[in-house]
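Hello,

Here is the structure I promised to pass on to you. Have a look at it first, and then read on for what I found in it.

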Amino acid sequence: MNSLPELKMNETRRLFLLSALTGLAGTASLAFAPALAGAALPIRSATEVLRAVAAAQPALSYHAAGPDDGRPIVLARSAGEAIDHYTEIASLLAAQGYFVLLPTLREADAAVPGQDLLAFIDSLHIPEAVFVGSGHGAQAARAAATHRRTRVIGLVLSDSGAAPTSVPTIGLAAGASAQQIADAAITLARQGKWRT
């Protein structure tokens with residue numbers, strides 16, 4: 001007779017199998033998947049379930065908006081920040097054809113979320129991106145650029161200190177509007193030297 005611990009399956013493995021089965025069944029509705037995968041917004045397809053599972057590697061949940069083949073822009077949001085302002089920025093960028101990712105950072109020394117941001121884009125096979133952040137998110141974006149400059153096309157930082165000089169940076173005031181932040185990110189994305 002099998003004991004209960006032997007019947008339990010690793011959560012990540014279970015989610016992977018769930019997403020694989022869903023993929024075989026087509027793009028069926030996965031209204032229950034966000035709770036399982038840690039994503040907070042509705043997931044549109046089995047591919048997005050796989051993304052949520054992959055992103056669980058650095059223990060980050062995230063939202064995505066815009067076309068998958070758009071230039072990636074990562075909005076770094078700390079766990080304590082309200083999401084409304086960031087979703088407005090994401091909507092503006094997605095409407096312009098950018099692939100916007102909004103991970104929720106862990107509360108830790110800025111270097112840790114900076115490494116999490118790099119691990120996050122690695123898990124999604126994104127070689128480089130524009131990073132946007134304010135407060136703790138700006139510190140994390142700056143740490144990511146300091147750690148791996150080649151992965152960061154540019155930084156949009158508001159309410160933040162000095163940025164690395166080797167990375168194109170646009171600094172904004174603490175009260176910058178969603179439109180101002182989106183415009184700054186678009187400027188860096190258009191002027192950036194993308195390798196891919």
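In H5, the buried residues are Tyr86, Ile89, Ala90, Leu93 and Ala94. Seen down the helix axis, these buried residues fall within an arc of 130°, so they line one face of H5. On the face of H5 turned away from the buried side sit the exposed residues Asp84 and Ala95.

Please keep in mind that this is a predicted model.

What do the buried residues of H5 pack against? Their partners are strands E1 (62-65), E2 (72-78), E3 (99-105) and E4 (129-134), together with helix H8 (178-191). The length of H5 agrees with expectation as well: at 1.5 Å a residue, its 12 residues (84-95) should span 16 Å, and the end C-alpha atoms are 17 Å apart. Just after H5 comes Gly97, with a positive phi of about 95°.

**The overall layout**

Stepping back, the protein has eight helices and six strands. Along the sequence they follow the pattern α-α-α-α-β-β-α-β-α-β-α-β-β-α. Of the 196 residues in the protein, 45% are buried. Among contacts with a separation of 6 or more, 60% are between residues 24 or more positions apart.

**The sheet**

Six strands form an open sheet in the order E1-E3-E2-E4-E5-E6, and the pairing is mixed. E1 and strand E6 (169-172) stand at the edges with a single partner strand each, so one side of each is left without a neighbour in the sheet. From one strand to the next, the twist averages 15°.

Here is how some of the strands are joined:

- E2 and E3 run parallel and are joined by five bridges; Ser78 stands opposite Leu105 in E3.
- E2 and E4 also run parallel, with four bridges between them; here Val74 stands opposite Phe131 in E4.
- E4 and E5 are parallel too, joined by six bridges; Gly133 stands opposite Leu157 in E5.

H5 lies across E1, E2, E3 and E4, and runs at about 175° to E2. Helix H7 (residues 136-147) packs on the sheet as well, touching E2, E3, E4 and strand E5 (152-158). The direction of H7 makes about 155° with that of E5.

H7 is largely enclosed by the rest of the structure, because nine of its 12 residues are buried. Those buried residues are His136, Gly137, Ala138, Ala140, Ala141, Arg142, Ala143, Ala144 and Ala145. For the 12 residues of H7, 1.5 Å a residue should give a span of 16 Å, and the end C-alpha atoms are 16 Å apart, which agrees.

Which of them is buried or exposed? Glu128 has 1% relative accessibility, under the 20% cut-off, so Glu128 counts as buried. His125 has 71%, over the 50% cut-off, so His125 counts as exposed. His125 also has a phi near 60°, a positive value in a residue other than glycine.

The side chain of Glu128 has polar atoms close to two backbone nitrogens: that of Arg195 lies 2.7 Å from one such atom, and that of Thr196 lies 3.0 Å from a polar atom of this side chain. Leaving aside neighbours within four places in sequence, Glu128 is in contact with Pro72, Thr150, Arg151, Ile153, Trp194, Arg195 and Thr196.

Happy to go through any of this with you.

Best wishes

Notes: Residues numbered from 1 in each chain as written. Predicted model: local features only at pLDDT ≥ 70, side-chain atom pairs only at ≥ 80, totals over all residues. Heavy atoms only, no water. Helix = DSSP H or I, 4+ residues; strand = E, 2+ residues; numbered from the N terminus. Expected span 1.5 Å × (residues − 1). Buried < 20%, exposed > 50% of the residue type's maximum accessible area, 1.4 Å probe, protein only. Arc of directions from axis to C-beta. Contact = heavy atoms within 4.5 Å. Pairing = 2+ DSSP bridges. Axes fitted to C-alpha atoms, helices over the stretch in contact; angles between N-to-C directions. Polar contact = N/O pair within 3.5 Å; in protein donor to acceptor, adjacent residues only side chain to side chain.
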